[in-house]
Amino acid sequence: MAITVVAAVVAATGYGAWQFIEENEYLLDERCQVTVGETEHRLTPAQTYSAAQLAAGAADRDMPVQAATDALAVSLQETQLENHADPEATSAAEDEASAEDSEASESGADESGADEAAEAPAPILFASGGAQWDAVDASNPTPRTADEFYQELSNSSRGEGASELEWSPELELDEAAQALSRPHNPTFYPQHGELARAFARPLTGVQPLGMTCQLSQIDVPGPDGEGLGEELQATLPNLLGEEAITVEGSGANGTVNVSVAEVGPEAGVYDPVNGDSAERGDPLWLVAQWAVAAAETYGVQSVHAGTHEWQRDTGRWERVDEVSDEAVEIGFSRD
């Protein structure tokens, strides 16, 4: 009898402790994942946010999906897909923008100056320095931001790059590193190819429903629909028209609707299949999975695209009755 009572007390205590831990998410492993076959590939939410920015950059320039794959692999090798921009510079830009906006409001002056001041430094997702593995070109600087990286890739594909080797989608990662004069030994980059490819395809919209994120509900950033809309417009200025993004309401009651109805059939990344045919990335899923990747930054609680919806509480894409084929609906309410 005594043993039974003790066992029951221990079991109840253990169950109560587990419930407490589960409710407070102490054991939650925050992550984003893509499953390819039987392999689950993972990145942290911060890495995934950077990956989404790079993938969107390739899509906005109508590049091959391999360009996004190479960008992710190069960044994984050089910065682990982490933003190396000076946080003090970013903070200073935000403070300056706030001061400019306050002065403009008080004086009734044109706020264009405040808009310019609000521009924070571009994320630094690549290493600096020259091609250290090549003593001849070691002094040549290499691109550090997404814009610089894709400009160099575009130049190289036209034979105008710093290297004699031209970039093309058919190159292996070590060859691509040489073509782009990356600063690390070219043989280091291929180790990141599988992970980069796994995330590049869903984040460019080539693979719908390919990525999801498990995120905590503890210390969720304040909902920022305006900020999300502004960044998305700045990230995809060519793919999305000026009127594509609308923000309704504010705070937890706000929503962001992103229309892809006007996106042309030849826009976005493409994946060559046979001859002149190519598989195009779906802009609906590009935007949807970008929003999931940005959920940790902007306090997103739900993303609805097509016949599926992602909820922060479950961390899964689940089928819903309502269909949204021409717009992505991003919500900030937990209800």
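**Close-up views of a predicted model**

**View 1. Glu-40 and Arg-42 meet in a salt bridge.** Glu-40 has a relative accessibility of 39%, so it counts as partly exposed. Buried means under 20% relative accessible area, exposed means over 50%, and partly exposed lies in between (1.4 Å probe, protein chains only). This is a predicted model: local features need pLDDT of at least 70, side-chain atom pairs count only at pLDDT 80 or more, and totals for chains, interfaces and linings use all residues. Residues are numbered from 1 along each chain as its sequence is written, and side-chain values use heavy atoms, with hydrogens and water left out. The Glu-40 and Arg-42 side chains come to 2.7 Å, N to O. In a salt bridge, a side-chain nitrogen of Lys or Arg lies within 4 Å of a carboxyl oxygen of Asp or Glu. Arg-42 is partly exposed, because its relative accessible area is 40%. Asp-29 joins Glu-40 and Arg-42 in a network of salt bridges. The structure holds 11 salt bridges.

**View 2. A salt bridge joins Arg-61 and Asp-147.** Look for the N to O distance of 2.4 Å between the two side chains. Arg-61 sits in the loop between helix H2 (45-60) and helix H3 (65-79), while Asp-147 belongs to helix H6 (residues 146-157), so the pair ties together parts that are 86 residues apart in sequence. Helices (H or I, at least four residues) and strands (E, at least two) are DSSP runs, numbered from the N terminus. Arg-61 counts as partly exposed at 32% relative accessibility. Asp-147, at 53%, counts as exposed.

**View 3. Glu-78 and Arg-182 form a salt bridge.** Their closest N and O atoms are 2.7 Å apart. The partners come from distant parts of the chain: Glu-78 is in helix H3, and Arg-182 is in the loop between helix H7 (173-179) and helix H8 (193-203), 104 residues apart. Is Arg-182 buried or exposed? Arg-182 is buried, because its relative accessible area is 0%. Glu-78 counts as buried too, at 9% relative accessibility.

**View 4. Cys-32 and Cys-213 form a disulfide.** How many disulfides does a search of the whole structure find? The search finds one. A disulfide is counted when two cysteine sulfur atoms lie within 2.5 Å. The sulfur atoms of Cys-32 and Cys-213 are 2.0 Å apart. The torsion about their S-S bond is about 105°, so the disulfide is right-handed. The pair links distant parts of the chain: Cys-32 is in strand S1 (residues 31-36) and Cys-213 in strand S3 (residues 211-214), 181 residues apart. Cys-32 is buried, because its relative accessibility is 1%. Cys-213 is buried as well, at 0%.

**View 5. Gln-80 and Ser-181 each have a positive phi without being glycine.** Gln-80 has a phi of about 60°. Its place is the loop between H3 and helix H4 (87-107). Gln-80 is partly exposed, because its relative accessible area is 48%. Ser-181 has a phi of about 55°. Ser-181 lies in the loop between H7 and H8. Ser-181 is buried, because its relative accessible area is 13%.

**View 6. Helix H8 has buried residues and is followed by a glycine.** Which residues of H8 are buried? They are Gly-193, Ala-196, Ala-198, Phe-199, Ala-200, Pro-202 and Leu-203. After H8 comes Gly-205, with a positive phi near 85°.

**View 7. Leu-165 and Gly-249 lie in loops.** Leu-165 is in the loop between H6 and H7. Leu-165 is partly exposed, because its relative accessible area is 32%. Leu-165 and Gln-178 are 13 residues apart in sequence, and their C-alpha atoms are 7.1 Å apart. Gly-249 is in the loop between strand S4 (245-248) and strand S5 (255-259). Gly-249 counts as exposed, because its relative accessibility is 59%.

**View 8. A patch of negative charge lies on the surface.** Glu-262, Asp-282, Asp-325 and Glu-326 gather here. Patch residues have over 30% relative accessible area and no salt bridge; like charges are joined within 9 Å, and nonpolar side chains (Val, Leu, Ile, Met, Phe, Trp, Tyr) within 5 Å. Asp-282 is in the loop between strand S7 (278-280) and helix H10 (283-293). Asp-282 counts as partly exposed, because its relative accessibility is 31%.

Technical notes: Accessible areas come from the Shrake-Rupley method with a 1.4 Å probe; for residues, only the protein chains shown count as cover. Lys and Arg count as positive and Asp and Glu as negative; His and the chain ends are not counted. The place of a charge is taken as NZ of Lys, CZ of Arg, CG of Asp or CD of Glu.
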